[in-house]
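Dear colleague,

Please find below the sequence and structure that I am handing over to you.

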Amino acid sequence: MSYVHPTEFVTKMIDAGEAKVLMSTRDTLIRAFMAGAILALSAAFAVTITVQTGNALAGGILFPVGFCLLYLMGFDLLTGVFTLTPLALIDKRPGVTAGGVMRNWTLVFVGNFAGAFLVAVMMAIIFTFGFSEAPNEVGQRIGHIGEGRTLGYAAHGAAGMLTLFVRGVLCNWMVSTGVVAAMMSTSVSGKVIGMWMPIMLFFYMGFEHSIVNMFLFPSGLLLGGKFSIMDYLIWNEIPTVIGNLVGGLTFVGLTLYSTHGRKKSKQSVPPSHIGNPAGVPAE
């Protein structure tokens, strides 16, 4: 598996965060667009498997294929940059500012949403034969998911909002663990195994992922789901984004940085590994 020691992969996390903050607008948008699109296709794939087999575990086991592909190709999800880019700011990397981090988050959000929405429209066309008939069974299931994970939370008021937020926190705890797991190995097989496990866990457990939801909920609206755009934003997307930020940064980025961070890695990692751009993965 070619395991990489924590002090090394934490340095890679910081290097990756720095590279993302300093990346051009064009490249950031392209990479975010493709990430959102591929993850959306993976979500459609998983829902289709669940409906056709009647087994949610089968969908959960196979969903990570999209996540692994998009990260191996160097594309960016909002959940990942939530965890990585602040570390470059905390580490005081040259040229990295709070404004630069916020710029990256904004561009990645826009790119992810555009990619996921395009796939939502395409899949809605497939599920309805170009909107010429009622949605098929998979399309109906997606519509019901949108209702249950907006109006279902709203029906519980503050308790529902708390539940939604905590599911967002737990989601990016796992998703960002997957992002970091890709840096724990230098082999493709090792990266895939490391990413697969936490992503499978989050999806099967029904945790809330802001980019997956950028596909599911617009799809649900296009397919006749009985909820509104405001229901989606207030009772899912906005709290999920906040929960994803807290979960990834607090339980993955800051914890790893605090115990295996830059100062410690300088003492234990050979000089050739420190700040080596060639060794920085695209995640």
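This is a predicted model: local features need pLDDT of at least 70, side-chain atom pairs count only at pLDDT 80 or more; totals for chains, interfaces and linings use all residues.

Aromatic pairs

A search of the whole structure returns nine aromatic pairs. In one of them, the ring centres of phenylalanine 113 and phenylalanine 117 are 6.0 Å apart and the planes meet at 10°, so this pair is stacked. Both residues belong to helix α6 (residues 98-128), where a spacing of four residues separates them by about one helical turn. Phenylalanine 113 is partly exposed, at a relative accessible area of 29%, and phenylalanine 117 is likewise partly exposed, at 36%.

Another stacked pair is formed by tryptophan 173 and phenylalanine 251, with 4.2 Å from centre to centre and 10° between the planes. Because tryptophan 173 lies in helix α9 (residues 157-181) and phenylalanine 251 in helix α12 (residues 229-260), this pair ties together parts that are 78 residues apart in sequence. Tryptophan 173 counts as partly exposed, with 32% relative accessibility; phenylalanine 251 is partly exposed as well, with a relative accessible area of 36%.

Helix contacts

The axes of helix α4 (residues 64-72) and helix α10 (residues 188-204) come within 9 Å and cross at roughly 135°. The two helices are therefore oblique to each other, and the crossing of α4 and α10 is right-handed. On the α4 side, the contact is made by Pro64, Val65, Phe67, Cys68, Tyr71 and Leu72. On the α10 side, it is made by Val188, Lys191, Val192, Met195, Trp196, Ile199 and Met200.

A second contact joins helix α7 (residues 137-148) and helix α11 (residues 210-222), whose axes come within 8 Å and cross at roughly 105°. An angle between 65 and 115 degrees counts as roughly perpendicular, and α7 and α11 are therefore described in that way. From α7, the contributing residues are Ile142, Gly143, Ile145 and Gly146, while α11 supplies Phe215, Leu216, Phe217, Ser219 and Gly220. The contact of α7 with α11 divides into five nonpolar, four polar and no charged residues.

A buried asparagine

Which residues does asparagine 112 touch, not counting those up to four places away in sequence? This residue lies in helix α6 and counts as buried, at 0% relative accessibility. With that exclusion, asparagine 112 touches Ala32, Phe33, Ala35, Gly36, Asp76, Leu77, Leu78, Ile211 and Met214.

Backbone angles

Most residues other than glycine have a negative phi. Lysine 92, although not a glycine, has a positive phi of about 60°. Lysine 92 is placed in the loop between α5 (78-90) and α6, and it counts as exposed, at 72% relative accessibility. Phenylalanine 131 also has a positive phi, near 60°. Phenylalanine 131 is found in the loop between α6 and α7 and is partly exposed, with a relative accessible area of 45%.

With kind regards

Notes: Residues are numbered from 1 along each chain as its sequence is written. Side-chain values use heavy atoms; hydrogens and water are left out. Rings of Phe, Tyr and Trp (its six-membered ring) pair if their centres lie within 6.5 Å; planes under 30 degrees apart count as stacked, over 60 as edge-to-face and the rest as tilted. Buried means under 20% relative accessible area, exposed over 50%, partly exposed in between (1.4 Å probe, protein chains only). Axes are lines fitted to C-alpha atoms, for helices over the stretch in contact, and angles run from 0 to 180 degrees between N-to-C directions. Angles under 35 degrees count as roughly parallel, over 145 as roughly antiparallel, 65 to 115 as roughly perpendicular and the rest as oblique. A crossing is left-handed if the near helix is turned anticlockwise from the far one by less than a right angle, and right-handed if clockwise. Contact means heavy atoms within 4.5 Å. Ala, Val, Leu, Ile, Met, Phe, Trp, Tyr, Cys and Pro count as nonpolar, Asp, Glu, Lys and Arg as charged, and the others, Gly among them, as polar.
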